[in-house]
Amino acid sequence: MKRLSRYLLIVVVFASLLFLFLSGHGNGTAGLIDFRPATGYLSWSKDSFSYSRTKPPKITIIVLWRIGGPTPPSYIPYFFQSVEANPQIDLLFVQVDELGFGCSTYSSASNIQEICLSGDQYYQLQVDFVCKRWKCSKEERVALFSQIKRDGEIDKNNSNFRLMRNGIFLRWIDPSTTIWGWCDVDTFWGNFTRAFPWDIAHDFDVLAPASQPEFSSQPLLFTRGHMAFFRHSPEVLDKFHSFPKFSSLTAYLTLPATLYDAEESEFSHYIFSEETSFTFLSFEAMVNSWDTVFVSGKGVFYAPSLRKKNVSSDRRKQLISLVRPMNRSPVIPTFSSEGIEDVAQVFRDGQAFEGSMWFDSSFLTYVETGWNQHEREQKAYFMRREPYGLITQRIESRERYLNRVGEVAVDESLYKHWQIEKHHCKC
């Protein structure tokens with residue numbers, strides 16, 4: 001579904017991490033969760049979502065993992081290793097065991113909460129959540145459960161109701177959470193302290209990680225299925241409820257099912273093009289494929305324009321020193337006084353788009369930046385700062401973010417997506 005890069009990828013991973021994880025985590029079956037009503041913080045009052053700008057946002061990321069077999073993919077231990085390296089970020093790991101393989105326990109870290117659901121329990125949570133709004137009768141709840149279960153059986157990307165995960169799983173979310181997100185397990189988190197835009201995150205309803213670097217003159221605006229963030233508030237959730245399919249019980253039962261790539265296609269078009277009350281920020285964050293990529297508990301880095309044939313022994317030592325920063329501080333402010341911001345030229349369909357697409361081009365939203373090559377090589381941001389306001393584009397000097405020794409430099413990213421490796425790795 002995601003675009004494959006034409007660049008050669010050389011991934012440097014510390015093999016010992018796999019040993020540590022395989023030796024330190026068992027495969028025992030976790031008990032099913034307690035469905036008695038939680039008490040205390042299951043409130044949607046606005047007071048529950050207040051925040052202070054003197055404190056950083058509290059982030060909870062919700063991962064939905066449908067167990068497809070007795071053996072998990074080889075990249076799962078790396079995923080949890082990267083989560084444990086970011087103790088300030090909460091992970092709610094929801095395992096759905098429809099086939100009877102049993103849930104596994106992957107981590108005992110304090111920032112990771114694991115719950116195990118049967119398929120019917122998972123679908124019932126969705127029914128319970130939307131029926132609070134739709135005021136379903138007993139008969140309607142039965143019909144809705146049957147429809148959601150049918151939809152779920154073909155929803156291989158867990159797209160249906162993805163926009164509402166924070167409402168569906170509210171009872172397990174820390175009440176101090178101000179931003180929630182989703183991600184996939186075929187990712188490796190970098191250092192959130194340095195790579196997440198903490199100082200401006202509270203200003204937006206939607207935070208959409210984009211490719212890093214992005215040299216295209218027509219960058220896309222969409223929420224990637226492997227990571228995205230949202231304001232944890234009743235107001236934003238209400239807007240998601242206004243998506244046509246989710247607007248009423250009748251709409252859900254009669255409109256076509258959401259697309260298998262809905263989070264990147266129709267949901268994204270709704271957020272970035274149709275419902276203009278959303279504020280959003282698209283920011284560089286994701287290394288998909290690049291010439292040289294380094295991942296470890298220290299963070300995710302890539303070396304611009306550095307191919308394997310150029311990596312001598314001395315240069316390798318320099319690179320290793322650059323990707324093990326001990327005291328490197330976040331680059332703040334995200335928006336410097338030297339940044340350049342202009343109104344963006346936005347296209348809300350793909351008729352004039354020059355690239356290739358993996359979903360229906362009618363759901364495409366992209367920007368024609370007009371930037372020259374030098375400008376496209378800088379760090380790019382796209383945003384709507386105010387509800388119903390104009391979309392703007394901004395560039396910041398990439399040099400602000402580079403960690404370098406002489407001519408050797410690395411750039412840091414929020415996460416690595418194992419798009420190519422999971423399909424081609426023979427491990």
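Predicted model: local features only at pLDDT ≥ 70, side-chain atom pairs only at ≥ 80, totals over all residues.

Residues are numbered from 1 along each chain as its sequence is written, and side-chain values use heavy atoms, with hydrogens and water left out.

Overall make-up. The protein chain has 13 helices and 19 strands; these are DSSP runs numbered from the N terminus, helices being H or I with at least four residues and strands E with at least two. Of its 427 residues, 55% are buried. Buried here is under 20% relative accessible area, exposed is over 50%, and partly exposed is in between, with a 1.4 Å probe and protein chains only. A contact is heavy atoms within 4.5 Å. Among contacts in the protein chain with a separation of 6 or more, 77% are between residues 24 or more positions apart.

Now the cores. In soluble globular proteins, nonpolar side chains tend to be buried together. I call a nonpolar core a set of buried Ala, Val, Leu, Ile, Met, Phe, Trp, Tyr and Cys residues joined through side-chain atoms within 4.5 Å. The largest one here has 55 residues, and the members with the most contacts inside it are Val 94, Leu 144, Phe 161, Phe 169, Phe 230 and Ile 271. Helix α3, residues 119-134, gives the most to this core, with eight residues. Take Phe 169: leaving out residues up to four places away in sequence, Phe 169 touches Ile 62, Leu 64, Leu 92, Val 94, Ile 115, Leu 117, Tyr 122 and Leu 125.

Cys 103 brings us to the disulfides. With the cut-off at cysteine sulfur atoms within 2.5 Å, the count is two. Cys 103 pairs with Cys 116, with 2.0 Å between the sulfur atoms. The angle about that S-S bond is 70°, and the link of Cys 103 and Cys 116 is right-handed. Cys 103 is in the loop between β3 (90-97) and β4 (112-118) and Cys 116 is in strand β4, so the pair ties together parts 13 residues apart in sequence. The other link, Cys 131 to Cys 136, has an S to S distance of 2.2 Å; at -90° about the S-S bond, the link of Cys 131 and Cys 136 is left-handed. Cys 103 and Cys 116 are both buried, and Cys 131 and Cys 136 are too.

Next, the rings. Rings of Phe, Tyr and Trp (its six-membered ring) pair if their centres lie within 6.5 Å; planes under 30 degrees apart are stacked, over 60 edge-to-face, and the rest tilted. That rule gives 33 aromatic pairs. Why is the pair of Trp 180 and Trp 182 edge-to-face? Their ring centres are 6.2 Å apart and their planes are at 65°, so the pair falls in that class. Trp 180 is buried at 1% relative accessible area, and Trp 182 is buried at 0%. Phe 196 and Phe 229 have centres 5.2 Å apart and planes at 75°, so this pair is edge-to-face. Phe 196 lies in the loop between α6 (192-195) and α7 (198-201) and Phe 229 in strand β8 (residues 227-231), so the pair ties together parts that are 33 residues apart in sequence.

Ring pairs also link a cluster that includes Trp 134, Phe 161, Trp 180, Trp 182, Phe 230, Tyr 252, Phe 267, Tyr 270 and Phe 278. A charge sits over a ring if NZ of Lys or CZ of Arg is within 6 Å of the ring centre and within 35 degrees of the ring normal. Lys 239 has its charged end over the ring of Phe 278, 5.1 Å from the centre, and Lys 245 lies over the face of Tyr 252 at 4.3 Å from the ring centre.

Last, helix α10, residues 266-274. Eight of its nine residues are buried, so α10 is largely enclosed by the rest of the structure. The buried residues of α10 pack against β7 (206-211), β8, α8 (234-241), β9 (280-287), β15 (379-384) and β16 (391-396). That is where I will stop.
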